[in-house]
Amino acid sequence: RNFEAHFDADPTYLRYAEISCRILNSHGDKTFFISQVRLFEFKREHELEKGVFVEKYESLLENTPAMIWVSNRENRPIYSNKALRDFLGRDFAKIPTQQEFEGMIHPEDHAIAIDGFNEAILKKERFTGEFRIRSADGSFKWVLEEARPQFDKSGNYLGYNGKFSNITNVKNIQATLDEALLQMQLLVKEGGFFMFEYDKSGALR
């Protein structure tokens, strides 16, 4: 299993950790596993404001599978890593206009992806939202976007960093389950079938 974590100890730096765990063997109540931790870090100050990344930091970001982007204090995207560029089929940091970016978002999701994020920017708050965005193959994919504002040690606003997670498969599975539940409810209503509901402990409700 893979896990991701962010560190807020020093707002001057963007820190990102990638943790992978693999079970080697399991005997009764004892489980043996191996884990690997990769840490990524780059300084947010002068390099970030100029849109120029120190080479070693950019190399780390380019090789992580997480889809990462960074904006400056004017809220203009200035960097997107390879994973995000591959997913979108373009450089997120080189989208010329706000209108063009809005065109990448599914029309039904503008309230979440655009209005919701703009509200977070005004309040300098974290943002989390699920929405559909046009991907490299031309289709809309569901993503979970997580973004947070960054500040220097004096409290000056520096911009946002964020990441996308592709949740299309999760949404498709949920849609299938919802449809199956609907069909079952119709059968119960029309054919007199009985439905039983259990809680997490297995007890009949």
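## Strand pairing

Strand β4 (residues 67-71) pairs with β5 in the antiparallel sense over 3 bridges; two strands count as paired if DSSP finds at least two bridges between them. Across this pair, V70 stands opposite Y79 in β5. Strands (E, at least two residues) and helices (H or I, at least four) are DSSP runs, numbered from the N terminus.

The model is predicted: local features need pLDDT of at least 70, side-chain atom pairs count only at pLDDT 80 or more, and totals for chains, interfaces and linings use all residues. Residues are numbered from 1 along each chain as its sequence is written, and side-chain values use heavy atoms, without hydrogens and water.

## Sheet and helix

The open sheet has 5 strands in the order β5-β4-β8-β7-β6, with antiparallel pairing. β5 (77-80) and β6 (127-134) are at the edges with a single partner strand each, so one side of each has no neighbour in the sheet. From one strand to the next the twist averages 25°.

Helix α5 (residues 110-123) packs on the sheet and touches β4, β6, β7 (140-151) and β8 (157-166); contact means heavy atoms within 4.5 Å. The direction of α5 makes about 150° with that of β6. Axes are lines fitted to C-alpha atoms, for helices over the stretch in contact, and angles run from 0 to 180 degrees between N-to-C directions.

## K141

K141 lies in strand β7. Its relative accessibility is 18%, so K141 counts as buried (under 20% relative accessible area, 1.4 Å probe, protein chains only; exposed is over 50%, partly exposed in between).

Leaving out residues up to four places away in sequence, K141 touches F87, F131, R132, I133, S135, N166 and T168. The side chain of K141 also makes a polar contact with the side chain of S139 (3.0 Å). A polar contact is a pair of N or O atoms within 3.5 Å; within protein, one must be able to donate a hydrogen and the other to accept it, and residues adjacent in sequence count only if both atoms are side-chain atoms.
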